[in-house]
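Please open the structure in your viewer and keep the selection tool at hand. We will walk through it stop by stop.

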Amino acid sequence: MKRINLLIAFLVFAVSGVMAQVHNPVKWSVGFKKLANNEAVILIKANVEQGWHIYGMNVPAGGPESTSFTFTPANGAKVQGKTLAKEPKTKFEDVFKMNLPYYNGEVVFQQKVKLANNKPTTVKGVASFMACDKERCLPPDEYEFAVTIK
């Protein structure tokens, strides 16, 4: 009887472990491009799995979570202006009863940074986003990154 109970417990944990695997349809990468001695652009690329999308940076109130970025530059560097990206697509979503901006496939977000000196500078950041497909939305998620501008 103990063996049967142990076997049942093992099967329950094994099945729940398989079902608890998190789907991650967005793969992120980060880099930079030096513009001048004291200026650079941070490039944050999202590769969104086919059939999935993330929302734009300007979602209307009452909608899902917008894609947003926070930056923490070091060595006296400063973030300049807003984070930029190509124009998002727009579609009406019944769930939210509104037109929503979204990205699918590959999208590159760009953030200009003013450097204080010619020394390597690390900029840390967080991308906050929400991924959805036709059937479901995953809970809001974050991608933490750090890029060293040389």
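A salt bridge, as the term is used on this tour, is a side-chain nitrogen of Lys or Arg within 4 Å of a carboxyl oxygen of Asp or Glu. Bear in mind as you look around that this is a predicted model.

**Stop 1: the salt bridges**

How many salt bridges does a search of the whole structure find? The search finds three.

Start by selecting Lys 91 and Glu 93, whose side chains meet in a salt bridge with an N to O distance of 4.0 Å. Lys 91 is partly exposed at 31% relative accessibility, whereas Glu 93 counts as buried at 11%.

Next, select Lys 45 and Glu 106. Their side chains also form a salt bridge, 3.8 Å from N to O. Lys 45 sits in strand β2 (residues 39-48) and Glu 106 in strand β8 (residues 105-114), so this pair ties together parts that are 61 residues apart in sequence. Both ends are partly exposed: Lys 45 has a relative accessible area of 29%, and Glu 106 has a relative accessibility of 43%.

Now pick Asp 133 and Arg 136, another salt bridge, with the closest N and O atoms 3.8 Å apart. Asp 133 is buried at 17% relative accessibility, while Arg 136 is partly exposed at 39%.

**Stop 2: the disulfide**

Stay in this part of the sequence and select Cys 132 and Cys 137. A disulfide joins the two, with an S to S distance of 2.0 Å, and the structure holds one such link. A disulfide is a covalent bond between the sulfur atoms of two cysteines. Turn the view until you can look along the S-S bond: the angle about the bond is 110°, and the link of Cys 132 and Cys 137 is right-handed.

Are the two cysteines buried or exposed? Cys 132 is buried, with a relative accessible area of 1%, but Cys 137 counts as partly exposed at 34%.

**Stop 3: a hairpin**

Highlight strand β1 (residues 26-36) together with β2. The two strands run antiparallel and are joined by ten bridges. They form a hairpin, with two residues between them.

**Stop 4: an open sheet**

Colour β4, β9 and β11 next. These three strands form an open sheet in the order β4-β9-β11, with antiparallel pairing. Which strands lie at the edges? The edge strands are β4 (68-73) and β11 (141-149), each of which pairs on one side only. On average, neighbouring strands of this sheet are turned by 20° against each other, direction ignored.

Zoom in on β9 (residues 121-129) and β11, which pair in the antiparallel sense over nine bridges. One place to look is Thr 121, whose bridge partner in β11 is Ile 149.

**Stop 5**

In soluble globular proteins, nonpolar side chains tend to be buried together. To explore this here, show the side chains of Val 26, Trp 28, Ile 42, Ile 44, Ile 54 and Phe 109. Of the 25 residues in the largest nonpolar core, these touch the most other members. The strands β1, β2, β4, β8, β9 and β11 each supply at least two residues of this core, and β2 gives the most, with five.

Apart from this core lies another, of seven residues, among them Val 59, Leu 100, Tyr 102 and Met 130.

**Stop 6: the aromatic rings**

A search of the whole structure finds nine aromatic pairs. Select Trp 28 and Phe 69: their ring centres are 6.4 Å apart and their planes lie at 80°, so the pair is edge-to-face. Trp 28 belongs to strand β1 and Phe 69 to strand β4, so the pair ties together parts that are 41 residues apart in sequence. Trp 28 is buried at 13% relative accessibility, and Phe 69 is buried with a relative accessible area of 13%.

Compare that with Tyr 143 and Phe 145, a stacked aromatic pair at 5.9 Å centre to centre, with 25° between the planes. Phe 145 is buried, with a relative accessible area of 6%.

Methods
Residues numbered from 1 in each chain as written. Predicted model: local features only at pLDDT ≥ 70, side-chain atom pairs only at ≥ 80, totals over all residues. Heavy atoms only, no water. Pairing = 2+ DSSP bridges. Helix = DSSP H or I, 4+ residues; strand = E, 2+ residues; numbered from the N terminus. Axes fitted to C-alpha atoms, helices over the stretch in contact; angles between N-to-C directions. Buried < 20%, exposed > 50% of the residue type's maximum accessible area, 1.4 Å probe, protein only. Core = buried A, V, L, I, M, F, W, Y, C linked by side-chain atoms within 4.5 Å. Disulfide = S-S within 2.5 Å. Phe/Tyr/Trp six-rings, centres within 6.5 Å; stacked < 30°, edge-to-face > 60°.
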